[in-house]
Amino acid sequence: MKRVIISGGGTGGHIYPAITIYKEIAAMTEAEFLYIGTERGLEASIVPKEGLPFRTLPVQGLARKLSLQTAVTLGKSVGSLFMANSIISEFKPDVVIGTGGYVCGPILMAAALRKIPTLIQEQNVIAGITNKILSRFVDVVAVGYEEAAASFSHCKRVIYTGNPVRPEVLIDSRSDGRRHFKLADSDFAVLIAGGSRGARSINNAMIEVHRHFKDRKGIKLIHVTGSAEYDRVLAELGAEDGNSFSESSLILSYLHDMPKGLAAADLAVFRAGAVGLAELTVRGIPSILIPYPYAAEDHQTYNARSLVTAGAARMIVDKMLTGEDLIGEIEYFLENREELAHMASEAKALGRPNAARDIAQLALEIAK
C-alpha cells in the first residue's frame, strides 16, 4: 500500500486540484492519504468533507516589505519545517505532492531533504514564489501551461500536464445544463462569475448589461454575483430576488452546480484563475476574461493572455471594464456565431481533461 501526502492550501485553486488528484490516485491503487493544510484556509472546512485525514502547519505568506511581521512569519516557517519533518517521520510517505500555497513549502522541503519522492503542480503561467523555491529540490514539476516551464529551469524534470478539473465538470451534457436552467436550445446563454466572493468590477458592469438586455428574447444572463455582492446588485437593479428583474436574467449569489452552468453556457465572462480556465477549456467555452488585477505577480493576466493568443478568449483589463464594453462584446457574439464557434473549438483544443489522471500516474511513477 502506498502512503501519499498531499498539500495545498489557502484558496480553492490549490485545494480542488489536490482533491481531484487524490481521487485519481485512490482509483488507481490502494493507498493511505494525509492532507496537510492551514487552520485558517478554506481547506479546514473542505478537506474533511472529502474523507481525507487532515493536519495543519502554522505557516503563512511572507509580506513583500520587511517588517516585524516578516520576522514573526519566518520564525513560524522554521517551526513548521520541524513539524513537517515530524509528520513525515510518523507517516512515512512514499510520495509527497504539493499543489500550491505557502503550506506546501515546509512539508515538501522536509520530504525532499530526506530523499522522499516529491512532485509540485503549478497551475499558473507565472509560477508562485513557493513553487519556484521548491523546484530546485523536488523530483518533478507538473505545469498547467506550457509557458510555465520557463519558470523551472533549475528543476530536474518539468512535464506539461495541464490543470486538473473536477470529474463532474465533464459529465453533464449541453442538454442537461439547458434543462436545469429551463433554456431553449436556441437561447444564447452567458455565464458570468467572478469567484465565490464575487468581483465588484464585473458586478458593476453587469448592472448595465442586465438593463440593456432586459426581457430580450433568445438570451439568458446567468450571473453569479458572489455572496457578498448579491444584495447590492439586486438593490441597484430594484429586484426582489434573482428571478424578478427580467426574463433574460438569472441572478444568483452562488451557483452550487457550476458544472451544469458550464454545460449550458455559450459564452463565459470570468476572472482568469487557472482552475476556472481549465474548466472552460475542457468544456470548449469561449470567454471574455477580466483578470483580477491584484493577483500575485499579475498571474491572472498571463493566464488570460495564453487563451487570447490561442484564439479562445478575449480580455478586458479590469480598470477599463464598463457595462458598455460587455454589452458590445455580447452583442458582437450574438451576431457572429461563426467566430464564436471558432473560439469554442480553440478553447476545446487547449483543454486537458486527463490532467488529474496524468499527474496521479506521475506521482505513482516516482513513488516507485
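View 1. Residues 62-75 are another matter, with pLDDT staying under 50. For that stretch the model has 11 contacts beyond four places in sequence. Where pLDDT is low, the predicted coordinates should not be read in detail.

View 2. Leu113 belongs to helix 4, which runs over residues 104-113. Leu113 counts as exposed because its relative accessibility is 56%, and the cut-off for exposed is over 50%.

**View 3. Helix 15 and what its buried residues pack against.** Helix 15 spans residues 355-367, 13 residues in all, and from first C-alpha to last it reaches 18 Å, close to the 18 Å expected at 1.5 Å a residue. Its buried residues are Ala355, Ala356, Ile359, Ala360, Leu362, Ala363, Leu364, Ile366 and Ala367. They pack against helix 1 (12-28) and against strands 1 (2-7), 4 (95-98), 5 (118-122), 6 (140-143) and 7 (158-160).

**View 4. Helix 12 and the glycine that follows.** In helix 12 (residues 299-309), the buried set is His299, Gln300, Thr301, Asn303, Ala304, Ser306 and Leu307. Packed against these buried residues are helix 11 (274-283), helix 14 (337-350), strand 12 (287-289) and strand 13 (313-315). After the helix comes Gly311, with a positive phi near 80°.

Note on methods
Residues numbered from 1 in each chain as written. Predicted model: local features only at pLDDT ≥ 70, side-chain atom pairs only at ≥ 80, totals over all residues. Heavy atoms only, no water. Helix = DSSP H or I, 4+ residues; strand = E, 2+ residues; numbered from the N terminus. Buried < 20%, exposed > 50% of the residue type's maximum accessible area, 1.4 Å probe, protein only. pLDDT = per-residue confidence, 0-100. Contact = heavy atoms within 4.5 Å. Expected span 1.5 Å × (residues − 1).
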